[in-house]
Amino acid sequence: MPGTSLAVEADGLHKRYRSKVAVDEVSLSIPAGEIFGILGRNGAGKTTTVELVAGLRRPDRGTVRVLGLDAQRDRARLRQLLGVQLQESHLHAALTVAELVRLYGTFYRDPLDSGELIESVGLTGSRDVRFQNLSGGQQQRLSIALALVGRPRVVILDELTTGLDPEARRQMWSTVESLRDDGVTVLLVSHAMEEVERLCDRVALLDAGRVVALDSPSGLVRRAGFAQRVTFLAAEPVPKRLLEGLDGVERVRADGGRVVVEGRGDLLQVVSVALVRAGIVVTETRGEHATLDDAFVALTGRHLDNERHDHERQDDDKEALR
Ligand SMILES: Nc1ncnc2c1ncn2[C@@H]1O[C@H](COP(=O)(O)OP(=O)(O)OP(=O)(O)O)[C@@H](O)[C@H]1O
């Protein structure tokens, strides 16, 4: 990328744990100032990838440069420029929030003001609470504060908002947006599509250790192959031909007892009118835009949210259409 300075350059990263290949030939080029997402199912290799980028693990093959520094050889210098919030933090349980923020501040040349930082992650009321007595969500906020205390130029956030309530989640999102305003590069690991769609300039979809697609969120959504989806439950099987002949309809299928119509244009309106005219009674009608999950399904045949979808029943599909 001529003319653009790269914050992260990962080339051909490969990491195996015994017989398990966790990261398989992953290459990433992330320009400075970008919010870059890594999205994938549990076990896809997201955490291992960012641990390799942070120099916390050594790749079996491949190289990583962060702000021009080698992630392995230049670790000491990189530590001053990189902030890392990983899923599991091993912090001194007996220290309070304020003590931990001040302690971590001493590792850096020009740390943020501890009071302001604690306030920005919503922990002012808990500043004197020991780490061991914080709730999971509070521990999470603290780990984000500790990733930011050294004014890093590159920040790695792993599962930024997992376990946070909606208000705390929005607060974290605006913290990330203000990092962007300051020109900080953010590497954001997530399996929350909404978060990635809202925050990220570009996203790598990771599956089984490989990058299966890399694009802007809207560019990825286009790979779903359709723009709109309407789903509903019908009292009796719906003639497939009725729906397939409608304007804008590209695909009609059944899923878990629901009828699913995919296509483009004003699909909800077109489908609803046709069903009413045909005298077909339906309930729970929903109109949705295609999502990153739809793109992931189109690319890999599986849903992003393995926990929610792997248990879905597939055997009653035939009932909904005729
Ligand atoms: N220290 C380790 N030893 C052995 N196997 C590991 C280790 N860490 C991760 N793995 C395995 O490597 C694969 C990738 O794990 P990783 O944690 O990078 O994935 P992830 O996408 O971050 O998953 P999650 O969303 O569940 O955090 C998984 O199959 C995992 O079980």
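Two strands pair if DSSP finds at least two bridges between them. Keep that rule at hand for the exercises below. The model is predicted.

**Exercise 1. Find the order of the strands in the open sheet that holds E2, and name its edges.**

Step 1. Count the strands: 4 of them form this open sheet.
Step 2. Read across the sheet. The order is E2-E1-E4-E5, and the pairing is antiparallel.
Step 3. Look at the ends. E2 and strand E5 (69-70) each have a single partner strand, so one side of each is left without a neighbour in the sheet.
Step 4. Now take one pair inside the order. Strand E1 (residues 6-17) and strand E4 (residues 61-66) are joined by 5 bridges and run antiparallel.
Step 5. Pick a position to check: Ala-10 stands opposite Val-64 in E4.

**Exercise 2. Describe the surroundings of strand E7 and work out how the chain goes on to E8.**

Step 1. Check burial. In strand E7 (residues 154-158), 5 of the 5 residues are buried, so the strand is largely enclosed by the rest of the structure.
Step 2. Sort the side chains by direction. Val-154, Ile-156 and Asp-158 point one way, while Val-155 and Leu-157 point the other way. Residues of both groups are buried.
Step 3. Find one neighbour. Strand E6 (residues 82-85) runs parallel to E7, with 4 bridges between them. Here Gly-83 has Val-155 of E7 as its bridge partner.
Step 4. Find another neighbour. Strand E8 (residues 185-190) is also parallel to E7, joined by 5 bridges. Val-154 has Thr-185 of E8 as its bridge partner.
Step 5. Follow the chain. From E7 it passes through helix H6 (residues 166-181) to E8, a right-handed β-α-β crossover.

**Exercise 3. List the residues around the ligand and sort them by kind.**

Step 1. Collect the residues. They are Tyr-17, Lys-20, Ala-22, Gly-40, Asn-42, Gly-43, Ala-44, Gly-45, Lys-46, Thr-47, Thr-48 and His-191.
Step 2. Assign them to elements. Strand E2 (20-31) and helix H1 (46-53) are the elements that give two or more residues to this shell.
Step 3. Find the main contributor. H1 supplies the largest share, 3 residues.
Step 4. Sort by kind: the shell has 3 nonpolar, 7 polar and 2 charged residues.

**Exercise 4. Trace the pairing of strand E13.**

Step 1. Begin with E11. Strand E11 (residues 228-234) pairs with strand E13 (residues 258-263) in the antiparallel sense over 5 bridges. Arg-229 has Glu-262 of E13 as its bridge partner.
Step 2. Turn to E12. Strand E12 (residues 249-255) pairs with E13 over 6 bridges, again in the antiparallel sense. Ala-254 has Val-259 of E13 as its bridge partner.
Step 3. Inspect the turn. The hairpin of E12 and E13 has 2 residues between the strands, and Gly-256 takes a positive phi near 55°.

Technical notes. Residues are numbered from 1 along each chain as its sequence is written. This is a predicted model: local features need pLDDT of at least 70, side-chain atom pairs count only at pLDDT 80 or more; totals for chains, interfaces and linings use all residues. A residue is near a molecule or strand if its C-beta atom, placed from the backbone, lies within 6 Å of it. Ala, Val, Leu, Ile, Met, Phe, Trp, Tyr, Cys and Pro count as nonpolar, Asp, Glu, Lys and Arg as charged, and the others, Gly among them, as polar. A residue is buried if 20 or more other C-beta atoms lie within 10 Å of its own, exposed if 12 or fewer, and partly exposed in between; C-beta atoms are placed from the backbone. A crossover is right-handed if, with the strands pointing away from the viewer, the path from the first strand over the helix to the second runs clockwise.
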